[in-house]
Structures are given as structure tokens and as C-alpha cells.
Amino acid sequence: MNPELRSAMLGQGDAETGKESDRGLINYLLRMSAVGLLRLVERVKYQVEVSPESLANLRAANGILGSEALIAYANHKKFIDAAYIILVLRAVFSNLKAAGVPMAEKYTQPNLQHPMSVLFAPLAQLVKSAGVELLPTHQEGVTIKNLFGHKKDSSGNVVRVLGQFINKGRGHLVGINPESRRNPDAGLLPFRNGLAVLIANNPDVKVLPIGFIYVETTKTMQILVGEPFIPVVELGGDTNAQSSSDQVDKDTIAEITALCRVKLESLLESAEESQPGE
């Protein structure tokens with residue numbers, strides 16, 4: 001990892017959020033656990049780089065967590081990048097009480113019926129050791145897209161599960177991949193509805209865009225972090241208007257989805273334009 005990121009992880013807090021000793025021993029140990037796990041993963045995969053600008057945005061997000069909840073969303077390039085970002089956030093965010101990410105419940109424990117669970121279950125234990133909650137969700141059909149649908153709202157639906165986590169308030173962060181599956185190619189896949197419905201149901205929540213760029217020639221993974229923003233405010237809406245997933249209109253969902261996609265696209269494009277030719 002680059003020196004700036006290492007300093008942010010191992011520092012004793014900052015002027016905006018106070019001293020590390022004020023956060024409690026358990027939180028500090030979880031952060032150090034995440035640092036150790038990230039170093040271990042780096043040895044066999046990609047070295048992590050985070051620019052000073054992205055670190056500044058991470059610190060701003062950490063300040064938000066000092067008083068409220070936060071949604072982070074990211075593109076998904078490789079199987080391992082979900083673990084990377086979870087560990088980086090856990091290690092940098094001293095105000096983080098708990099992080100939650102959705103995982104299909106059929107993958108949370110190894111089982112012969114779903115062979116991929118043999119790969120996913122160990123990852124679940126890896127991030128759990130760094131203080132991250134994997135929130136079991138169930139798919140309502142045979143395709144992954146149904147996991148992020150907003151028409152059906154069962155007890156295991158991602159929107160409801162993550163919404164309950166957000167409602168815990170201060171220091172709680174949820175993460176979501178709006179594309180809903182890995183996309184190794186350039187650009188972004190269409191976003192599913194889940195992120196927009198989650199935001200519409202929590203209109204005052206701040207959102208943090210996160211992007212991944214892999215540089216294969218140097219085995220480097222760049223984590224790009226945008227400025228936290230409130231989608232409903234940027235779209236001119238009312239943050240005091242509460243709604244349920246059954247009441248959110250399609251136009252609102254489309255507008256929020258488009259805005260979040262543009263934010264992430266701009267983040268990725270700005271970084272790729274500054275890359276030297278490989």
C-alpha cells in the first residue's frame with residue numbers, strides 16, 4: 001500500500017474526529033485486524049493505492065460516521081475487490097461502529113448444493129474477523145437481478161435488510177454493488193434498482209462513491225473515492241419526505257440511479273485519463 005494509506009490506517013486519529021483512545025479498545029483492535037488482513041491479501045494479490053484526494057474524501061466520510069449512517073457503493077471488477085474495500089474502510093474509519101454488506105444466504109456457509117459457497121464462505125469469515133457484518137439475503141428468483149428488485153419486499157430483500165442496518169444510525173455503513181455482478185470489462189454495467197430504492201427510502205442519507213481500477217502491469221489496484229453527497233438534495237428533492245419501496249415512483253428511481261452512475265463514471269474516467277499508457 002502507498003505511504004499515505006499506511007499513515008491513514010496506523011495514525012492515532014485526526015483533528016476532525018479526535019483521538020483514537022476515545023473510540024474504545026475493541027474498535028481499535030478491529031482496525032488493526034483489518035490492517036493485518038489487508039497486508040496479507042496484498043502479498044498474494046494486488047498492492048493497494050489511494051490518492052491524497054481519495055484519502056481526504058475518506059476522512060470526510062469518517063467524519064459523517066461520527067454522527068450518522070452512510071451508504072457506500074462501488075463498481076465490481078474482480079472477486080477480491082469487495083474484500084479489499086471492506087478492509088480499507090474498516091482500517092481507516094475510526095468512527096465506524098459496524099459495516100454491513102449483503103450476501104446471499106446460500107453462500108454464507110459451505111454446502112454441496114451451491115459449490116460457489118466453498119469460495120464465498122471463507123471470504124465471509126475473513127471480513128467478519130475485521131468487524132464486518134455479512135447481512136444474509138435471499139434471492140426471490142433464479143437470477144441475481146431479483147436480489148436488487150424493488151417490487152417484491154420480502155424479509156430477506158436487500159433493500160429492507162440494508163435499510164434496517166442504516167436505521168441503526170451513527171457509525172453504521174452499508175456497502176452495495178449496483179451492477180449486482182462482476183464486470184471485468186471497461187465501463188459500467190446497468191445499475192439495478194436496489195441502491196436507488198435504498199436512497200429514496202432514506203432521503204437524508206449521505207452516499208459515498210467508490211471506484212476500482214486495476215493496473216495489471218504493476219499488479220496495482222487503485223481505490224478511488226469521491227466526495228460524499230446526498231442524492232435527494234442534488235436532485236432538488238425533500239429529505240424529510242419518507243417513503244416505502246412500494247410507494248417510490250419509477251421516475252425518482254431512474255433519476256437517483258442515473259445520478260449515482262454519473263458520479264461513479266466521472267470518478268473512474270478522471271482517474272483513467274491521468275493514467276500513463278501501459
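**Exercise 1.** State where A196 lies and whether A196 is buried or exposed.

Solution. A196 is in helix 7 (residues 194–201); helices are DSSP runs of H or I with at least four residues, numbered from the N terminus. The model is predicted, so local features need pLDDT of at least 70 and side-chain atom pairs pLDDT 80 or more, while totals for chains, interfaces and linings use all residues. Residues are numbered from 1 along each chain as its sequence is written, and side-chain values use heavy atoms, without hydrogens and water. A196 has 1% relative accessibility and therefore counts as buried (under 20% relative accessible area; exposed is over 50%, partly exposed in between; 1.4 Å probe, protein chains only).

**Exercise 2.** Find which residues A196 contacts, leaving aside neighbours within four places in sequence.

Solution. Contact means heavy atoms within 4.5 Å. On that basis the partners are I253, I256 and T257. T252 is 56 residues from A196 in sequence, with a C-alpha to C-alpha distance of 8.2 Å.

**Exercise 3.** Determine how helix 1 runs relative to helix 2.

Solution. The axes (lines fitted to C-alpha atoms over the stretch in contact, with angles from 0 to 180 degrees between N-to-C directions) of helix 1 (residues 3–10) and helix 2 (residues 25–44) come within 10 Å and cross at roughly 150°. Helix 1 is therefore roughly antiparallel to helix 2, a label for angles over 145 degrees. On the helix 1 side, R6, A8, M9 and L10 take part; they meet R31, M32, V35, L38 and R39 of helix 2.

How values were computed
Helices (H or I, at least four residues) and strands (E, at least two) are DSSP runs, numbered from the N terminus. Angles under 35 degrees count as roughly parallel, over 145 as roughly antiparallel, 65 to 115 as roughly perpendicular and the rest as oblique.
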